[in-house]
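Visitor: I have a model open and would like to talk it through with you, one topic at a time. Could you put it up on the screen?

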Amino acid sequence: LQMLERQVVGGEQAENKDLKEKRRRQKKYADERRMQLVTALQQPDEDSSNWVPLNVSDSIQEKAEAKSKLLEKMQKKLRAAETEIKDLQAEFELEKIDYLSTICHLERDLLLFQQLLDWVQSLIPRDCNYSNLEKIKQQSIWDEETGCWKIPEPIIQKTHLP
């Protein structure tokens, strides 16, 4: 009687070890999948919550709607990113134009000051230490604290003939 029960309860393949192993693997896979779904549902991340309905939904129509919503959301993000890129490029262009304009003005000022120095240098007496501009450049020191040059005081050396 017991032998008949075992055959009836498990069927003719009750003692098949391969079949038992296959059932055990299927059960393990189902448990793992269930745990993945539970963890995915518990996470508040908006991207993962969008993906869960795609895997859980039963009908093709629901999957299509979920994918359409996800596509629309991603397209909105893409458009926002493209707009931000265009804004940054426009801002960069404005800054570049401003820097080029500043450089142009500074070059003009430098040229003006260079011409003024060339004209004024001829008016300085030779016995003054300002008659040699290269020597003044060598003696000048940049002060980091004040942000300006410390230029040596003008000295006029009178030469006396014996």
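Visitor: How far apart are Lys137 and Glu134 in helix α5?
Guide: Lys137 and Glu134 are three residues apart in helix α5, so about one helical turn separates them. Their side chains meet in a salt bridge, 3.6 Å from N to O, where a salt bridge is a side-chain nitrogen of Lys or Arg within 4 Å of a carboxyl oxygen of Asp or Glu. Keep in mind that this is a predicted model, in which local features need pLDDT of at least 70 and side-chain atom pairs count only at pLDDT 80 or more, while totals for chains, interfaces and linings use all residues. Residues are numbered from 1 along each chain as its sequence is written, and side-chain values use heavy atoms, with hydrogens and water left out.

Visitor: Is Lys137 buried or exposed? And what about Glu134?
Guide: Lys137 is exposed, with a relative accessible area of 56%, whereas Glu134 is partly exposed at 48%. Here buried means under 20% relative accessible area, exposed over 50%, and partly exposed in between, with a 1.4 Å probe and protein chains only.

Visitor: How many salt bridges does the structure hold?
Guide: The structure holds six salt bridges. One of them joins Asp31 and Arg34, at 3.8 Å from N to O; these two residues lie three apart in helix α2 (residues 17–42), and therefore about one helical turn separates them. Asp31 is partly exposed at 32% relative accessibility, and Arg34 is partly exposed at 48%.

Visitor: Which residue does Glu93 pair with?
Guide: Glu93 forms a salt bridge with Lys96, and the closest N and O atoms are 3.8 Å apart. Glu93 and Lys96 are three residues apart in helix α4, which means that about one helical turn lies between them. Glu93 is partly exposed at 37% relative accessibility, and Lys96 is partly exposed with a relative accessible area of 37%.

Visitor: Which residues are linked in a network of salt bridges?
Guide: Such a network links Glu21, Arg24 and Arg25.

Visitor: How much space lies in the largest pocket?
Guide: The largest pocket has about 430 Å³ of space. On a 1 Å grid over the protein atoms alone, a pocket is an open set of points where a 1.4 Å probe fits, with protein on both sides within 12 Å along at least five of seven lines, and lining residues have an atom within 4 Å of a point. The largest pocket is lined by 15 residues, and the closest to its centre are Leu117, Leu133, Ile136, Lys137 and Ile151.

Visitor: Which element supplies the largest share of that lining?
Guide: Helix α4 does, with six residues; α4 and α5 (133–139) each supply at least two residues of the lining.

Visitor: How many aromatic pairs are there?
Guide: The count comes to one: Trp142 and Trp149 are edge-to-face, at 5.4 Å centre to centre and 70 degrees between the planes. Rings of Phe, Tyr and Trp (its six-membered ring) pair if their centres lie within 6.5 Å, and planes under 30 degrees apart count as stacked, over 60 as edge-to-face and the rest as tilted. Trp142 is partly exposed at 39% relative accessibility, whereas Trp149 is exposed at 52%.

Visitor: Last topic: which residues make the nonpolar surface patch?
Guide: Leu112, Phe113 and Leu116 make a nonpolar surface patch of about 300 Å². Patch residues have over 30% relative accessible area and no salt bridge, with like charges joined within 9 Å and nonpolar side chains (Val, Leu, Ile, Met, Phe, Trp, Tyr) within 5 Å. Leu116 is found in helix α4 (residues 60–121) and is partly exposed, with a relative accessible area of 43%.

How values were computed: Areas by Shrake-Rupley, 256 points an atom, 1.4 Å probe, with all protein chains shown as cover. Helix = DSSP H or I, 4+ residues; strand = E, 2+ residues; numbered from the N terminus. Points joined across faces, edges and corners; volume = space filled by probe spheres on them.
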